[in-house]
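These are my notebook entries on a single protein chain. I set down what I looked up, entry by entry.

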Amino acid sequence: MTLEEAAEALNAITGGAADASVLSAWESGRRRTGMRNRAGLCRLYRERGEILFAHQDGSAARLVETASGEAIVKVLTHWTDLIGAMVDVVGGAREQLVVTGSRSRERPYLAAIETAMAQHPDLIHYRVLYGPPRHQALTEHLLRLLELRDPSERRNGVKTLHIGMVDSASAPERFFVASEAAAVVPLPSFHGADGFDCGALLSREAAIGLVHHGREACASARPVETINAVRALPPNRPREGEA
């Protein structure tokens with residue numbers, strides 16, 4: 001099979017959105033394959049996972065063993081450092097930008113995403129919501145994204161805006177921003193019981209894994225990709241201390 005044929009066959013099994021470039025990255029070991037796609041590939045190729053993914057798992061084990069030196073570039077201990085690093089990740093994205101969570105409200109950060117989308121038409125953006133937006137600022141941001149790009153259109157045959165919402169209340173909410181070059185994961189505050197004002201800046205290897213995580217999460221989420229669909233989302237009032 002060609003990579004395109006393999007991707008089509010895999011998606012028929014998993015209901016996902018893998019493409020030829022993703023399969024190429026899995027084969028070369030540049031990206032790790034998630035659990036759902038691993039199961040699908042084992043079924044497709046009729047082979048055991050420990051054989052199909054040995055090249056990926058070997059490098060992943062080494063990364064975990066030396067995480068302090070390879071995966072975590074910097075621990076961010078102040079709110080301004082956290083937001084600055086998140087803006088930097090967005091500004092450095094050229095190929096893919098994944099953002100997860102429903103609690104974003106920092107306007108400079110949201111504005112940076114909009115600027116990146118406007119300045120880089122080939123940038124593919126995935127936004128994964130876990131329940132409706134907690135803040136009006138995020139709802140307005142989603143509307144601006146849909147004004148900038150139409151998810152139904154294709155650029156060079158590729159869809160460049162994906163917005164999905166995970167409806168299941170049992171699904172734990174994820175918080176991170178990741179590009180093909182770096183990622184930031186917010187962490188609970190080191191300074192008190194409220195909020196997420198600290199974080200970890202992650203290297204390229206870890207960032208690529210999070211990009212893949214976000215792509216899979218978005219593929220299985222309910223699309224929210226029209227202005228009317230965003231406006232129809234029910235209000236979700238934030239609890240005290242949410243960021």
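This is a predicted model: local features need pLDDT of at least 70, side-chain atom pairs count only at pLDDT 80 or more; totals for chains, interfaces and linings use all residues.

**Entry 1**

Asn156 belongs to the loop between helix H9 (136–148) and E4. Its relative accessible area is 69%, so I recorded Asn156 as exposed.

**Entry 1: Arg155**

I next examined Arg155, which is also placed in the loop between H9 and E4. With a relative accessible area of 38%, Arg155 is partly exposed. Which residues does Arg155 touch, leaving out those up to four places away in sequence? I listed Pro121, Asp122 and Thr160. For the pair Arg155 and Pro121, I noted a separation of 34 residues in sequence and a C-alpha to C-alpha distance of 8.1 Å.

**Entry 2: helix H1 against H2**

I looked up how helix H1 (residues 3–14) packs on H2. The axes are 8 Å apart and the angle is about 100°. H1 is therefore roughly perpendicular to H2, as angles of 65 to 115 degrees count as such. From H1, the residues that meet H2 are Leu3, Glu4, Ala6, Ala7 and Leu10, and their partners in H2 are Ala20, Leu23, Ser24, Trp26 and Glu27. I classed the residues of this contact as seven nonpolar, one polar and two charged.

I also checked burial in H2 (residues 20–28), where Ala20, Val22, Leu23, Ala25 and Trp26 are buried. After H2 comes Gly29, with a positive phi near 85°.

I took H7 and H8 together. The axes of helix H7 (residues 79–92) and H8 come within 9 Å, and they cross at roughly 5°. H7 is therefore roughly parallel to H8, given that the class covers angles under 35 degrees. Met86, Val87 and Val90 of H7 meet Pro108, Tyr109, Ala112, Ile113 and Ala116 of H8. What is the make-up of this contact by class? I recorded eight nonpolar residues, no polar and no charged ones.

I then followed helix H8 (residues 107–119) to H9. Their axes come within 10 Å and cross at roughly 10°, so H8 is roughly parallel to H9. On the H8 side the contact is made by Arg107, Leu110, Ile113, Glu114, Met117 and Ala118, and on the H9 side by Ala137, Leu138, Glu140, His141, Arg144, Leu145 and Leu148. By class, I noted eight nonpolar, one polar and four charged residues in the contact of H8 with H9. Ile113 of H8 is listed in the contact with H7 and in the contact with H9.

**Entry 3: the second largest pocket**

I looked up the second largest pocket, which has a volume of about 450 Å³. Its lining consists of 28 residues, and those nearest its centre are Ala17, Tyr126, His162, Arg215 and Ala219. Two or more lining residues are given by each of H2, helix H3 (35–45), strand E3 (124–130), strand E4 (161–166), helix H10 (204–220) and strand E8 (222–223). Which element gives the largest share of the lining? I found that H10 does, with five residues. The lining comprises 12 nonpolar, eight polar and eight charged residues.

**Entry 4: Leu233**

My last entry concerns Leu233, in the segment after helix H11 (227–231). Leu233 has 13% relative accessibility and so counts as buried, the cut-off being under 20%. Setting aside residues up to four places away in sequence, I recorded that Leu233 touches Pro133, Met165, Arg222 and Val224. How far apart are Leu233 and Gly131 in sequence and in space? I noted 102 residues in sequence and 9.1 Å in space, C-alpha to C-alpha.

Notes. Residues are numbered from 1 along each chain as its sequence is written. Side-chain values use heavy atoms; hydrogens and water are left out. Buried means under 20% relative accessible area, exposed over 50%, partly exposed in between (1.4 Å probe, protein chains only). Helices (H or I, at least four residues) and strands (E, at least two) are DSSP runs, numbered from the N terminus. On a 1 Å grid over the protein atoms alone, a cavity is a set of points where a 1.4 Å probe fits but cannot get out, and a pocket is an open set with protein on both sides within 12 Å along at least five of seven lines; lining residues have an atom within 4 Å of a point. Grid points are joined across faces, edges and corners, and a volume is the space filled by probe spheres set on the points. Ala, Val, Leu, Ile, Met, Phe, Trp, Tyr, Cys and Pro count as nonpolar, Asp, Glu, Lys and Arg as charged, and the others, Gly among them, as polar. Axes are lines fitted to C-alpha atoms, for helices over the stretch in contact, and angles run from 0 to 180 degrees between N-to-C directions. Angles under 35 degrees count as roughly parallel, over 145 as roughly antiparallel, 65 to 115 as roughly perpendicular and the rest as oblique. Contact means heavy atoms within 4.5 Å.
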